[in-house]
Amino acid sequence: MAAERSLPNLWHATAPAAPGTGPLTGDIRVDVAIIGGGFTGLSAALHLAQKGVTVAIAEAKMIGFGGSGRNVGLVNAGMWTKPEDLIATLGADVGKRLLTELGDGPSLVYQLVEQHGIACEAVRNGTLHLAVGAEGLKDIQDRERQWKTFGAPVEVVSADRAKSLTGAAGFAGALLDRRAGTIQPLAYARGLARAALAAGAPIYTETPLRSAERKGDLWKLTVGGGTITAKSVIVATNAYGDMLAQTPWTSYTQELTILPYFQFATNPLSDNIARTILPERQGCWDTGLVMTSFRMDQQNRLIFGSVGRLDALAEGTHRAFAERSLRKLFPALGNFRFEYWWDGRIGMTTNNLPQMHVMAPNVFSVSGYNGRGIAPGTVFGRALANHVMGEPNALPLAETPVTPDPLRGVKSAFYHAGAQAKHFIDRRF
């Protein structure tokens, strides 16, 4: 994996300040130790603490360092996989339950936002899955049919309606999902952290997990400059699990193909221009072979993203593609500049569904959100909390063994190089 570059991330610039946290320097004992301070770990800690369980988070860097502070901020319902395919993969009982829980995932997110007064630019006017050409239209029509079977409030809108809702021409239609919406993702993560701290769950940042040792029916974790002794452990690092390199709990990363994703954010647009782009503030992504996304933030910045990593060699190609794309999508945009740009990792599984593992006795993990980390991360955090408390059937996902993907490295490299090549060519004419 390429080394992280320090890039100007919009979410870091506009999120409310993180709550005061610091490294662990002593020895503590809790019921549950959580490794990772993103959506999953924070949700688990909050729900455990609210039930009186002693819990502590050890985060190697800072709250929301990984995908929680880098993603697009679309609070989507369900997974990328279509409902019928999901059921075919998981079986009727597990599949239908997972569809229900993740279909209601945005409701949980927005409920927590309201309950804890989280200032995170929360907007719940739906999302738009934009159809590219006839094949794209066929795809979203099939998704509409399948989701409506489960009573979901989804609707395929015409090309004209899609243009009216986005301000962008050229799409064959769009699937409007009224369950969904957008947030400022890092602000949401920091808000969850504040709520967890207030509920009594300490969070230790700059506290990497260094080793884990089984002592009787307890785990002794060496973290940062101290130790955490706990009966149960939740590993919540997802696509950033390589930070556990010195522990025995890294095997799940061998089943994740890393899909890099970048974003560029413009300067705040004038009110005259901004009101013509996504007037209802839905977030969007398309059905293109190499997916792109766009949305607005509260300061009228237009945020454009696509597959690719902003390393020193690829950044120029992706930047030029982003600029061409915005000018083609929004011809009246006028002069603009990119003030922020950043990238992150999406953990992809071979069946495009999350995986639940028991990594060792009383060590639990859910990973592989396949680009949908906000609502599923929140839902699975709550589910993991209930699971370690002994609630039967708390997890809407069956335990599976880790199944390494021998082609994950090749696929990750292909995504990076393929996206760069496509972006070099796309939308030049």
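This is a predicted model: local features need pLDDT of at least 70, side-chain atom pairs count only at pLDDT 80 or more; totals for chains, interfaces and linings use all residues.
Residues are numbered from 1 along each chain as its sequence is written, and side-chain values use heavy atoms, with hydrogens and water left out.

Helices (DSSP runs of H or I, at least four residues) and strands (DSSP runs of E, at least two residues) are numbered from the N terminus. An open sheet of eight strands has the order 5-6-4-13-14-15-12-16, and its pairing is mixed, two strands being taken as paired if DSSP finds at least two bridges between them. Strand 5 (154-157) and strand 16 (338-348) form the edges, each pairing on one side only. Neighbouring strands of this sheet are turned against each other by 20° on average, direction ignored, where axes are lines fitted to C-alpha atoms, for helices over the stretch in contact, and angles run from 0 to 180 degrees between N-to-C directions. Strand 4 (residues 127-131) and strand 13 (residues 283-286) run parallel and are joined by four bridges, with Leu128 standing opposite Cys284 in strand 13.

Helix 6 lies across strand 4, strand 5 and strand 6 (173-177), and runs at about 155° to strand 5; contact here means heavy atoms within 4.5 Å. Helix 12 also packs on the sheet, where it touches strand 12 (257-266) and strand 15 (302-307), and its direction makes about 30° with that of strand 12. Within helix 6 (residues 133-149) is Gln146, which is buried, with a relative accessible area of 3%; buried means under 20% relative accessible area, exposed means over 50%, and partly exposed lies in between (1.4 Å probe, protein chains only). Leaving aside neighbours within four places in sequence, Gln146 is in contact with Lys82, Pro83, Glu84 and Asp85.

The axes of helix 10 (residues 315-329) and helix 12 (residues 408-425) come within 8 Å and cross at roughly 45°. That angle makes helix 10 oblique to helix 12, since angles under 35 degrees count as roughly parallel, over 145 as roughly antiparallel, 65 to 115 as roughly perpendicular and the rest as oblique. In this contact, Thr317, His318, Phe321 and Arg324 of helix 10 meet Ala419, Gln420, His423, Phe424 and Ile425 of helix 12. By class, the contact of helix 10 with helix 12 has four nonpolar, four polar and one charged residues, where Ala, Val, Leu, Ile, Met, Phe, Trp, Tyr, Cys and Pro count as nonpolar, Asp, Glu, Lys and Arg as charged, and the others, Gly among them, as polar.

In helix 5 (residues 105-115), the residues Gly105, Pro106, Leu108, Val109, Tyr110, Leu112 and Val113 are buried. These buried residues of helix 5 pack against helix 2 (39-50), strand 3 (74-75), helix 4 (92-103), strand 7 (181-182), helix 8 (185-199) and helix 11 (374-388). Helix 5 is followed by Gly117, which has a positive phi near 60°.

Positive phi values also occur in residues other than glycine, including Asn352, with phi near 60°, and Asn393, with phi of about 55°. Asn352 is in the loop between strand 16 and strand 17 (355-360) and is partly exposed, with a relative accessible area of 27%. Asn393 is in the loop between helix 11 and helix 12 and is exposed, with a relative accessible area of 63%.
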